[in-house]
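I opened the notebook to record what I looked up in this structure. The entries go element by element.

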Amino acid sequence: MLLQRAPRSTLRNGSGLFKSLFHSTPSARAQLDHTHQFVVVGGGAGGLAVGSWIRRKYGENSLAIIEPADTHYYQPMFTLVGGGAKKMDATARPMASLMPPDAKWVRSSVTEFRPDENYVVTADGQRVGYEYLVVALGLEVKYDGIKGLQPLLEDPQSMVSTNYSPLYASKTFQNIQRFTGGNAIFTMPPLPVKCPGAPQKIMYLAEDYWRKHGVRDETTVTYNTALGVIFGVKKYANSLLKVVEERDIKLNFQRKCVEITKNEAIFENTQEGTIETYKYDFLHASPPQGPLAMMKGQPISDEIGWVDVDKTTLQHRRYPNVFGIGDCTNVPTSKTAAAVAAESAILKTNIAAVVKGLNPSALYDGYTSCPLITGYGKTILAEFDFNANPLETFPFDQGKERRSMYHLKKDVMPELYWEGLLKGLWGGPAIARKIMHLGTRE
Ligand SMILES: Cc1cc2nc3c(=O)[nH]c(=O)nc-3n(C[C@H](O)[C@H](O)[C@H](O)COP(=O)(O)OP(=O)(O)OC[C@H]3O[C@@H](n4cnc5c(N)ncnc54)[C@H](O)[C@@H]3O)c2cc1C
């Protein structure tokens, strides 16, 4: 071990102590390739949001971001790409154009965390030291979690697609257009899922498209979900159940997709313990998801592989100079960019406090949001907290389908993402919510 770790209680209050730990052993520094006051792992939504803020607050040369990808994707737009309302190009920007100025961009993947010695190791063998670490690695979509899925996704002729990858979201719309009727199946895996509404949003868009293009009468639309509810918040679940009924969609709970062949989808009925086979002519798959494989067994991970943070302060439970944000953490809220925005506001306050030697004081309430698109021009804007209680921004009933919320999702949120969140300037709608409710809501 290069550096001894101090007891949690001492570390919590002492940025000076971090510094002395960090600077005290010349031999430790000699073994590191480079060191930074802040290292952010991952240049996705959370990494860039916090990184941009760090660069502004702590100045030049304070920050390194470790990120292997050349392209950053605005993933929430994949649903609209799958539905033909946006082009894939609009979701992608070069990573270089989004990196905060003067941040060192380490173009590699982290393979190992050494929090006792305050450094990480990258795939190309660099040891990168830090005083403070922010982990924003995202999660892994496990295509091999459904047998037979991957080759069918790759086959341009197959009627199988997924919006969960930038490689296949455009294929979803091609298949929607090619479909001439029959059985259309949409799958939802067990949680966790990035934006748990996404597997059904594409169904509503496809159903609307087929209705407008005269193939709906020849079509059976089925939503097979591994869960026991259509949505985890009662208010919005009730609204969605009405939509499903009005649109004549078959809804089956506790059906977990385990295999897809050329013409059939095989589901485990987890309630009955039986296997059911469905013939399909169109299939949108939402693969199972989980922590990155490399996170399993890391000292900063919990037993599953999520970054183990306090769910309210987002500070690591054992390493106080480590913070987590977004999909990679074990914070028990729906994994969305909206959650990332609200978490980024908490992290800014708490990182600034810890750097000053204070305890983190800002507390995350679990705010997350899912714009539930129910058709072209219709959206139910779900917003809720840790306890699945609605936490709505607007002073009207967001449980209703509204055109205004569709435009918010399609036209306003992308700008908020690129110009606000990724630049560290958007911390979620908490302030707007207070203003719109005239200070009556937190
Ligand atoms: C189809 C779909 C629809 C969605 N719809 C919505 C929506 O309507 N509303 C909403 O709010 N959210 C939505 N989301 C979810 C949202 O996109 C994510 O929750 C959000 O992007 C999470 O941000 P993050 O920073 O945690 O992870 P990401 O943005 O995924 O970033 C993770 C980054 O880490 C990098 N990385 C991975 N491994 C390593 C490594 N070993 N070392 C270093 N870097 C690494 C990756 O390259 C990536 O850049 C949707 C997502 C999908 C896929």
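**Entry 1: helix 9.** I began with Glu207 and Arg211, which both lie in helix 9 (residues 198-212), four residues apart, about one turn of the helix. I took helices (H or I, at least four residues) and strands (E, at least two) as DSSP runs, numbered from the N terminus. The model is predicted, and local features need pLDDT of at least 70, side-chain atom pairs count only at pLDDT 80 or more, while totals for chains, interfaces and linings use all residues. Residues are numbered from 1 along each chain as its sequence is written, and side-chain values use heavy atoms, with hydrogens and water left out.

I found that the side chains of Glu207 and Arg211 form a salt bridge at 2.4 Å, N to O. For a salt bridge I required a side-chain nitrogen of Lys or Arg within 4 Å of a carboxyl oxygen of Asp or Glu. Next I looked up accessibility, where buried means under 20% relative accessible area, exposed over 50%, and partly exposed in between (1.4 Å probe, protein chains only). Glu207 is buried because its relative accessible area is 0%, whereas Arg211, at 42%, counts as partly exposed.

**Entry 2: other salt bridges.** How many salt bridges does a search of the whole structure find? I noted 17. One of them joins Arg114 to Glu112, with the closest N and O atoms 3.2 Å apart. Arg114 is partly exposed at 27% relative accessibility, and Glu112 is partly exposed at 31%. I also checked Lys142 and Glu140, whose side chains meet in a salt bridge at 3.8 Å, N to O. Lys142 has a relative accessible area of 25% and so is partly exposed; Glu140, at 26%, is partly exposed.

**Entry 3: helix 10.** Which residues of helix 10 are buried? I listed Tyr236, Ala237, Ser239, Leu240, Val243 and Val244. They cover an arc of only 160° around the axis, so they sit on the same side of helix 10. I took the arc from the directions from the helix axis to the C-beta atoms. Lys234, Lys242, Glu245 and Glu246 are exposed on the other side of helix 10.

I looked up what the buried residues of helix 10 pack against: helix 9, strand 13 (249-252), strand 20 (368-375) and strand 21. Contact here means heavy atoms within 4.5 Å. Just after helix 10, Asp248 takes a positive phi of about 55°.

**Entry 4: Gln398.** I located Gln398 in the loop between strand 21 (378-384) and helix 12 (403-421). Gln398 counts as buried because its relative accessibility is 0%. Its side chain reaches the backbone nitrogen of Thr393 at 3.1 Å, and a polar atom of that side chain lies 2.8 Å from the backbone nitrogen of Phe394. Not counting residues up to four places away in sequence, Gln398 touches several residues, including Lys235 and Tyr236.

**Entry 5: the ligand.** I asked which of the 35 residues around the ligand come nearest. They are Gly46, Glu67, Val110, Asp327 and Ala338. A backbone N or O atom of Val110 lies 2.9 Å from a ligand nitrogen atom.

Technical notes
A polar contact is a pair of N or O atoms within 3.5 Å; within protein, one must be able to donate a hydrogen and the other to accept it, and residues adjacent in sequence count only if both atoms are side-chain atoms. A residue is near a molecule or strand if one of its heavy atoms lies within 4 Å of it.
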